[in-house]
Amino acid sequence: MRGREALRGAPPLVRLATRGLLAPGEAGLLHRPRGGSLEAVAWTAADLPLLDEARILLGRRRRSPGDDDHEIRGYGHIVVDEAQDLTPMELRMLARRSLSGSMTVVGDIAQATGPLAPGSWGEVAAHLPATRPARLVELSVNYRTPAAVMDMAARVLAAAAPGLRPPRSVRTAGQPPAVVAVPAGGLVAAAVEAARAGLDDAAEGTVAVVAAPATAQAVAAAAQAAGLAGGHAAAVGLERRLTVIPVGMVKGLEFDSVVVVEPAELVAASPQGLRALYVALTRATRQVTVLHERPLPPAMAP
């Protein structure tokens, strides 16, 4: 760890270590100021697969009394969900824990929203064991999103990832998305009123307001001030009927009614903006309301 801090804390050493591998601008992104102690080093989740890779390349260190360094544990079969958001290094970390190459990898490429979003499952499989041929099974039927909502989401997907085919919705009931242009400065108040209307429409249904992070904070505060029993997902979880949730947290969730706030802002807030918007539009089981002050992304045009 001390060596890692010395390397990343010294720009000349970073340039030397990355020569021929990274462009100067990319190498500069690895620099971090040196801390006063190891406890002050800012570790992130992205460091874990890099450390795992380094352990394999360097080999295990010599054991000493009280050493808690263990062998990497292997598994007969590994099941991975939301695999579309794993980085190549994370996939390699999983692959080396597979004893026989037997893995079930589940996800939706259309909902890949990370900086290294793959364009196909072939790109994912390239980092997994090749001891047996990969078999791709596609879910072509959508049981959650009504067809009227999926029509808009499919147009967004076509712009975000032209090579991907959206699933076919089996549910034809429901209303088309309500797209509402809001006067300047009225977006937060409009989101609160749309949430209130969603709660009133379904006596026991759930409502989510999906927004960019800063807007989500403002909407959550306004909703509480208006007396709505709900709040920001990071503070109150998903136990209440109304949840205000940043777009980066909404993947994998579903609600009866969803209010999508300022699509242009959602697109700008994510590395894979249109895919993030696609995720937001496909969370509802009944109704979607889209609120916007800024022009809608062209992909949302009828």
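Analyst: The answers that follow concern a predicted model.

User: Why is Ser-257 called buried?

Analyst: Ser-257 has a relative accessibility of 11%, and because buried means under 20%, Ser-257 counts as buried. Ser-257 belongs to strand 9, residues 255-261, and, leaving aside residues up to four places away in sequence, touches Gly-198, Thr-206, Val-207, Ala-208 and Gln-287.

User: How do you know that the span of helix 8 agrees with what its residues should give?

Analyst: Helix 8 covers residues 187-201, and at 1.5 Å a residue its 15 residues should span 21 Å. The expected span is 1.5 Å times one less than the number of residues, and since the end C-alpha atoms are 21 Å apart, the two agree.

User: What makes the buried residues of helix 8 line one face?

Analyst: The buried residues, among them Leu-187, Ala-191 and Leu-199, fall within an arc of 165 degrees when seen down the helix axis, so they line one face of helix 8. The face turned away from that buried side carries the exposed residues Ala-189, Asp-200 and Asp-201, whereas the buried residues pack against strand 6, helix 9, strand 8, strand 9 and strand 10.

User: Which residues have the most contacts inside the largest nonpolar core?

Analyst: Val-210, Val-260 and Leu-281 have the most contacts inside that core, which has 30 residues. Elements giving two or more residues to this core include strand 6, strand 9 and helix 12. Another core, of 20 residues, lies apart from it and has Leu-199 and Leu-242 among its members.

Conventions
Residues are numbered from 1 along each chain as its sequence is written. This is a predicted model: local features need pLDDT of at least 70, side-chain atom pairs count only at pLDDT 80 or more; totals for chains, interfaces and linings use all residues. Side-chain values use heavy atoms; hydrogens and water are left out. Helices (H or I, at least four residues) and strands (E, at least two) are DSSP runs, numbered from the N terminus. Buried means under 20% relative accessible area, exposed over 50%, partly exposed in between (1.4 Å probe, protein chains only). Contact means heavy atoms within 4.5 Å. A nonpolar core is a set of buried Ala, Val, Leu, Ile, Met, Phe, Trp, Tyr and Cys residues joined through side-chain atoms within 4.5 Å. The arc is that of the directions from the helix axis to the C-beta atoms.
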